[in-house]
Amino acid sequence: MENMFIKQTKYTPLILFDADNHTLEIRGESYPEDTSIFYTPVFRWLETYLAEFSGKQTITLNMEMIYYNSNSSRSLMNILDMLQDASMDGKKIVINWYYHKDNEMALENGEEFREDLESLTFNLVRTGG
Amino acid sequence: MVVSEPAEHELSVSEPAENELSVSARYLSLPKMSKIENKRRENHMLYELYDFKKDLNNRGVFFCFSGPVSQDLLVEIGTILRKKMEFEETHNAIVLRVFSMVVEMAQNIIHYSAERCPREGYKDELSVGIIAVGYDNGHYFVLCGNRVFNNNVENIRNKLIHLQKMDKEQLKKHYKEQRKKGPSKGSMGAGLGFIDMAKKAAKPIEFDFKPVDEKFSFFSTKIVI
């Protein structure tokens, strides 16, 4: 399956989904006017990828979100829910949520997601020394 | 009494800068001194601009935008506000919190303002509202205002009163519950964005509805960070 790459912009995040190495990256900021325009193709790719995945390797999602608006929060929740479903289906999934030591909001956001996704391996990873 | 018409160069020196149309109209009609004086008095906003800005500053407002709001404008406003707060050595946590309020408020205007420009239903219409950011008594605050339809007022009011009564923990729980649901059909606002703002605010959201006419009210909100 083809990788998905969407370049980062001021208000949409970098999407780098590597179907060969099973690493998914979402990094940057997210506050587009219409989240469904941006995220629908992302959901579609993920759906297909997870449906076709039959290996034993671990799928890793690395997220580093500096800021995102409330509508994006829904979209990210949707992505994480898809991965949680996959995990309950027997796939090995790891989420690494990166936050900078000076970004309290990013840490809180990560904690909020983690609390809602109890059956996922969800690591909060501090950066910035 | 002799009334002398000002020479062209005198005109340009003594008159405040005006748009091309009024300048050429003046040349065409060869105005007398009294007409120019009247024009000066009619430009009230010009002479009141200083007081208007002073009033904003006295209320702690350091940024104010009134007019059509777009996503591109929001991005630039956000960038400039973040820069300004960083210059003031504001703690990063506060910078992001203020920024998040501005984004949610501006996008509420974009999505829900009942005032559109040039007019409702026009392709590529812009939403109209007013946003102000200020600092007072140790806290940043964000103000936002836009027209809403009268028949949405009760719905929005009830949702906001509901939010005002919640503490941080309840807001967090409410936010998570609402986040799992999709946006409500025909959502008229006071949805996830407001819960998010209430959750991040230093005190409960304040709001006000001012009746404008039989169709519209003006909806204002204030968030303190």
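**Note on a predicted two-chain model**

1. Strand β2 (residues 14-18) of chain A has one covered face, made of Ile15(A) and Phe17(A), and one uncovered face, made of Leu14(A), Leu16(A) and Asp18(A). In a regular strand the side chains alternate between the two faces of the sheet.

2. The model is predicted, so local features need pLDDT of at least 70 and side-chain atom pairs count only at pLDDT 80 or more, while totals for chains, interfaces and linings use all residues. Residues are numbered from 1 along each chain as its sequence is written, and chains are lettered from A and ligands numbered from 1 in the order in which they are written.

3. β2(A) has partners on both sides. Three bridges join β1(A) to β2(A), and the two run antiparallel; Met4(A) stands opposite Phe17(A). Strand β3 (residues 23-30) of chain A also pairs with β2(A) in the antiparallel sense, over five bridges, and Arg27(A) in β3(A) is the bridge partner of Leu14(A). Two strands count as paired if DSSP finds at least two bridges between them. The hairpin of β2(A) and β3(A) has four residues between the strands, and His22(A) takes a positive phi near 60° there.

4. These strands belong to an open sheet of six in chain A, in the order β1-β2-β3-β4-β5-β6, with mixed pairing. β1 (4-6) and β6 (121-127) of chain A stand at the edges with a single partner strand each, so one side of each has no neighbour in the sheet. Neighbouring strands of this sheet are turned by 15° against each other on average, direction ignored; axes are lines fitted to C-alpha atoms, for helices over the stretch in contact, and angles run from 0 to 180 degrees between N-to-C directions. Strand β4 (residues 58-68) and strand β5 (residues 92-100) of chain A run parallel and are joined by six bridges, with Lys92(A) in β5(A) as the bridge partner of Thr58(A).

5. Does the length of helix α2 (residues 70-88) of chain A agree or disagree with its residue count? Its 19 residues should span 27 Å at 1.5 Å a residue, and its end C-alpha atoms are 27 Å apart, which agrees. The expected span is 1.5 Å times one less than the number of residues. Buried residues of α2(A) include Ser70(A), Arg74(A), Leu76(A), Leu80(A) and Leu83(A). A residue is buried if 20 or more other C-beta atoms, placed from the backbone, lie within 10 Å of its own, exposed if 12 or fewer do, and partly exposed in between. Gly90(A), with a positive phi near 105°, follows α2(A).

6. Chain B has nine helices and six strands. Of its 225 residues, 27% are buried. Among contacts in chain B with a separation of 6 or more, 65% are between residues 24 or more positions apart; a contact means C-beta atoms, placed from the backbone, within 7 Å.

7. The largest nonpolar core has 66 residues, and those with the most contacts inside it include Ile95(A), Val98(B), Met105(B) and Val142(B). Such a core is a set of buried Ala, Val, Leu, Ile, Met, Phe, Trp, Tyr and Cys residues joined through C-beta atoms within 7 Å. Helix α6 (residues 92-112) of chain B gives the most to this core, with 11 residues. In α6(B), 17 of the 21 residues are buried. Leaving out residues up to four places away in sequence, Val142(B) touches Val98(B), Met101(B), Val102(B), Met105(B), Val133(B) and Ile223(B).

8. Between the chains, the contact takes 18 residues from chain B and 17 from chain A. On the side of chain B that touches chain A, α6(B) gives the most, with 10 residues. By class, that side has seven nonpolar, five polar and six charged residues. Nonpolar covers Ala, Val, Leu, Ile, Met, Phe, Trp, Tyr, Cys and Pro; charged covers Asp, Glu, Lys and Arg; the others, Gly among them, are polar.

9. Ile130(B), in strand β3 (residues 126-136) of chain B, is partly exposed, with 17 other C-beta atoms within 10 Å. Ile130(B) touches Phe65(B), Ser66(B) and Gly145(B), not counting residues up to four places away in sequence. Ser66(B) lies in strand β1 (residues 61-69) of chain B and is exposed, with 11 other C-beta atoms within 10 Å.

How values were computed
Contact = placed C-beta atoms within 7 Å.
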